[in-house]
Amino acid sequence: MDKAREAVDVVIVGAGAAGSVYAAVLAEAGMKVLVLERGRERKLSDLYSSQIWARRLKWAAPSVVEAGTDSIWFNFNAGQGYGGAALHHYAVWPRMHEEDFRVRTLYGRSLDWPFQYSDLRPFYDQVQRDVGMSGDAAQEIWRPAGDPYPLPPVLVTNHGRTLARGFEALDMRTAPIPMAILSQPYNGRPACLWDGWCDAGCPIGALANPLVVYLARARLAGAHLRANAAVTRVLTGKSGLQATGVEYHTAEGERVIQPSAAVVLCAFTIENARILLNSANKHHPNGLANSSGLVGRYLMAHSAVGISGMFSEEMENYLGATGGQLLCQDAFGKRSDPGGAFGSRQWMIALALKPNDLLGIAMTKPGIFGDELHEFMQDGARFMGSMVGICEDEPLEDNRINLARQKDKLGMPLARVEYRRSDEGRKLWQTAAAEGLKIFKAAGAADAWHGPPAGQHIMGGTILGLDAASSVLNSASQSHDVKNLFIGGPGVFPTSSAVNPTFTVHALAMKGARFMIENWATVKG
Amino acid sequence: MGNITRRRFVETALKSSLLRLSFPVGAGTLLLTPEAARARKLPLRTLSHAQAGILESLGDAILPGSGKLGLIHFLDHQLSADPNDALLIAKYFEVALPYRAFYQSGAGAATSMARRSAGKAIADMSKGELGALVKEMSAPGKTHDEFPVNLFYMCLRSDAVDVVYGSPRGFEMLNIPYMQHIAPPEGWDG
């Protein structure tokens, strides 16, 4: 049965990183805000310290059909329920660099953003103050201009100190890794205990997940959240120029029309494109906000390489944060690769380890079994070191999200994803894998090895740009075609850089929300 | 470096195992260790007796002792759950739903491989023959009659590691602190 709800000022689709920022900023400005989340309600008390139980925070229901050469690793990267992927993210928050925003201008390839770093900097600074970031801006020599971190750096144990020796021996520099994790109490939230359970969600709120920062603020300001609300379409009015709300389905199968003066899609990279394409109507036959034909295109993912090694000393690898203790961006220059590959790289150094799960000790050597596996686990728990390299992916138009023939239980087509890691990303990964082994050997590892290429951080598909012919959104994350439709999340990135995207996602959401407030009269139409 | 024999591992693990699952008994449920459930001959919900035997043999070959610590009951419990709530690593490997079919096909593929390589059922294989079978399954990209045997091996191996080392008792066996904020439930029902 169809049901219509009372109109709101803004309906936000998705309660993750971007959606929570939009909700807080808009509700605090006095707007009537409703957040619809496809997944479940989540509370801090749900966040059991267990890699096994952490899997509840991610999807299994099929919404993505992989049809490309490489996997996008959707289930591992995405999240379901309040907090979205940011509930299980590692809170490694470096800023993008100035050149990341002007790659086409500076190098004649890839894409440009429709603004420069200096335009986004105030929002990085504001978010950093809001969440309480830990780091050392002076030591982080690669960092673009920005306010100092409000808190001192995260814990460095023997794990970090040992691996840093390897970098030093090769004349490479390390600095405390910038993290949205509290090294000291901040704004009523406690400091981290360095227990390495970031992936399972942080129930004490030391890690700035949406439940303890922006969703909490949004609720306090009067925003409403509705779980198990699967948005299937954005609706438009008679002219097709304005969004009039969204269609969603409840867990009980009820179809609901939610009217609103503006819509913000923050349902993560693939789902945002899927909803837009499924919203095709007579005014928008190829999908909403898609006059450019670019909705779904320029899909990207970082290529990650995990380096592991056994050392002769106790590494204390069970301590710290899952995202690491130190950072190295010496290879961030787009043309710094010794093999001539184009793009940036970074190292996240000394990740806290658990015995099990995808990034756990056992999985680093999947070919070992039997009694040897027990021995390996014993050794790994004491002597293993770990770091992860992240490599930039170039935006390729052929990497795209489309609608599949298969449908979900609501009758909505699944997302069909065609993805091939860019050639440059592939070469950067090779360089990183070789360099990582050298670093570990220089640090004293008796044995060192790397894992296979893995897709990390899903970006693109609804990119920002200067005009309606070459992009989906303008510099305020506003649709070129439908002026009261905005999009948040890493899907709006035109280039991927080599930094973890969540800090930039927050800054962009704050920028978009401020634009909405300042231009509300014209936005709502 | 660390040194642990299989005998010492099993003794330590069984002595310290607190893994308990909720099993239907009559009109109610009981929290039981897998060993106790086995002694009571409580039925599995999804896996057949034959499939359970195959998976347990493979699990023990992959990580000795995982069978006694409840691998099959963990799997059977999860294969009966809503997949979005499932705790299996199959979720991360993007295994097609239903997971039940994947594990059942995996047991079938392993059986077929065993017959082809050793001419016998998995239950009749020697430790060496079982090790050779697991080695074959562990080859990257390995398939058998189009079934992704290596993916199945990766999942089952991770399940075994979960059951043995993913709990507070597993951490204790590795002499590392668990340091939980919120302790996970002893059973798998949440």
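Does Glu146(B) count as buried or exposed, and how many C-beta neighbours does Glu146(B) have inside 10 Å? Glu146(B) counts as exposed, because 7 C-beta neighbours lie inside 10 Å. A residue is buried if 20 or more other C-beta atoms lie within 10 Å of its own, exposed if 12 or fewer, and partly exposed in between, with C-beta atoms placed from the backbone.

The model is predicted: local features need pLDDT of at least 70, side-chain atom pairs count only at pLDDT 80 or more, and totals for chains, interfaces and linings use all residues. Residues are numbered from 1 along each chain as its sequence is written, while chains are lettered from A and ligands numbered from 1 in the order in which they are written.

We stay with chain B for now. Glu146(B) sits in the loop between helix 6 and helix 7 of chain B. Helices (H or I, at least four residues) and strands (E, at least two) are DSSP runs, numbered from the N terminus. Although Glu146(B) is not a glycine, its phi is positive, at about 70°. Asn175(B), also not a glycine, has a positive phi of about 60°. Asn175(B) belongs to the segment after helix 8 of chain B and is exposed, with 11 other C-beta atoms within 10 Å. Another backbone feature is the cis peptide bond from Leu97(B) to Pro98(B), with omega near -5°. Pro98(B) is in the loop between helix 4 (71-79) and helix 5 (99-118) of chain B.

Next comes the contact between the chains. It takes 42 residues from chain B and 43 residues from chain A, where two residues are in contact if their C-beta atoms, placed from the backbone, lie within 7 Å. On the side of chain B that touches chain A, the elements giving two or more residues include helix 1 (6-16), helix 3 (49-62) and helix 7 (149-165) of chain B. Helix 7 of chain B gives the largest share, 6 residues. By class, this side of chain B has 25 nonpolar, 11 polar and 6 charged residues. Ala, Val, Leu, Ile, Met, Phe, Trp, Tyr, Cys and Pro count as nonpolar, Asp, Glu, Lys and Arg as charged, and the others, Gly among them, as polar.

In chain A, an open sheet of 3 strands has the order 4-15-14, with mixed pairing; two strands pair if DSSP finds at least two bridges between them. Strand 4 (64-66) and strand 14 (400-407) of chain A stand at the edges with a single partner strand each, so one side of each is left without a neighbour in the sheet. Strand 14 of chain A runs antiparallel to strand 15 (residues 413-418) of chain A, and 5 bridges join them. Lys407(A) stands opposite Pro413(A) in strand 15 of chain A.

Elsewhere in chain A, strand 10 (residues 300-310) and strand 17 run antiparallel and are joined by 5 bridges. The bridge partner of Met300(A) in strand 17 of chain A is Met459(A). Why is strand 17 (residues 454-459) of chain A largely enclosed by the rest of the structure? The reason is that 5 of the 6 residues of strand 17 of chain A are buried.
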